[in-house]
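Please read these points with the model open beside you.

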Amino acid sequence: MAVKLAPSILAADFLNLGADVELVNKHADIFHLDVMDGILVPNLSFGFPVVDAIAKKARRPMDVHLMIVKPWNYFERFAKSGAAMISFHLEAAKRDGKDASELLDSLKKLGVQAGLAINPDIPVEELYPHLEHADFILIMSVFAGFGGQKFMPESLERIAKLRAELDRQSLGNVRIEVDGGVGTANAPALVKAGAEILVAGSSVFGAEDPVRACETIKCN
Ligand code: DX5
Ligand code: ZN
């Protein structure tokens, strides 16, 4: 399957959001939208007004990455906003004693692709019981909460391990998304390890030439 580039709107210019939305429409594949609550992660970002505004202009699928506690309270609302993909953190499910497999199933019932995310300190093995319920897995390659952090190289091994387990469970259709510090330098190695969706914030919107950055990351 072809590798998809998902620029993270967190790094966009919010005073010129329309221009950055057009950049994704023309030169990338997916809108990655980071929703943070200041509780699950130590930062706040944006919510419905921004997602709904982007939805009006988006000609690419929207991927909502929920870094919030009790994400299930908002699944329906984000699906209504037009999200094609929604992910939540395994940490958020565990915190409230919820079964991540059931939550993934409930996302699928809403007609969206269901994703399960983990931070770098969660062993990938904790994902294994839930893999068959997921459409994609989001491996954080920095601790969730902020853009512009340094890529953690051990993520490569985690992705390769997860890819091997997906193959072992005959779940080749479950995609791996990687998020945090992704750019031209590490994209080839990430794809080789088994990542199929590359989230990139600062390496796209912070680049001198964002169009070129998109092309270079995708072509890698
Ligand atoms: C971090 C977010 C990321 C972030 C990526 O918690 O989930 O999507 O925006 O930004 P960069 O690519 O700058 O690390
Ligand atoms: Zn993200």
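1. Burial terms first. A residue is buried under 20% relative accessible area, exposed over 50%, and partly exposed in between, using a 1.4 Å probe and protein chains only. Glu-196 has 13% relative accessibility, so Glu-196 counts as buried.

2. Ground rules. This is a predicted model, in which local features need pLDDT of at least 70, side-chain atom pairs count only at pLDDT 80 or more, and totals for chains, interfaces and linings use all residues. Residues are numbered from 1 along each chain as its sequence is written, chains are lettered from A and ligands numbered from 1 in the order in which they are written, and side-chain values use heavy atoms, leaving out hydrogens and water.

3. The Glu-196 pair. Which residue does Glu-196 meet in a salt bridge? The partner is Arg-163, at 3.7 Å from N to O. A salt bridge here is a side-chain nitrogen of Lys or Arg within 4 Å of a carboxyl oxygen of Asp or Glu. The pair links distant parts of the chain, 33 residues apart: Glu-196 sits in the loop between α7 (187-193) and β8 (197-200), and Arg-163 in helix α6 (residues 154-168). Helices (H or I, at least four residues) and strands (E, at least two) are DSSP runs, numbered from the N terminus. Arg-163 is also buried, at 13% relative accessibility.

4. A network. Lys-70, Arg-95 and Asp-96 are joined into one network by salt bridges that share partners. Within it, the side chains of Asp-96 and Lys-70 meet at 2.9 Å, N to O. Asp-96 lies in the loop between α4 (90-95) and α5 (100-109), and Lys-70 in the loop between β3 (62-67) and α3 (75-81), so the pair ties together parts that are 26 residues apart in sequence. Asp-96 is partly exposed at 30% relative accessibility. Lys-70 is partly exposed at 34%.

5. The structure holds nine salt bridges; one of them joins Lys-80 and Glu-76, with the closest N and O atoms 3.8 Å apart. An α-helix has 3.6 residues a turn, so residues three or four places apart point the same way. Lys-80 is exposed, with a relative accessible area of 67%.

6. Helix α1. This helix covers residues 17-27, and its buried residues are Leu-17, Asp-20, Val-21, Leu-23, Val-24 and Asn-25. What do they pack against? Their partners are β1 (4-7), β2 (31-36), α2 (48-57), α8 (202-205) and α9 (210-219).

7. Leu-10. This residue is in the loop between β1 and α1. Leu-10 and Leu-33 are 23 residues apart in sequence, yet 7.0 Å apart in space, C-alpha to C-alpha. Setting aside neighbours within four places in sequence, Leu-10 is in contact (heavy atoms within 4.5 Å) with Asp-34, Met-36, Ser-45, Phe-46 and Gly-147.

8. Cysteines. How many disulfides are there? The count is zero, a disulfide being a pair of cysteine sulfur atoms within 2.5 Å. The closest cysteine sulfur to that of Cys-214 is in Cys-219, 10 Å away and too far for a bond. Cys-214 is buried, at 0% relative accessibility, whereas Cys-219 is exposed, at 66%.
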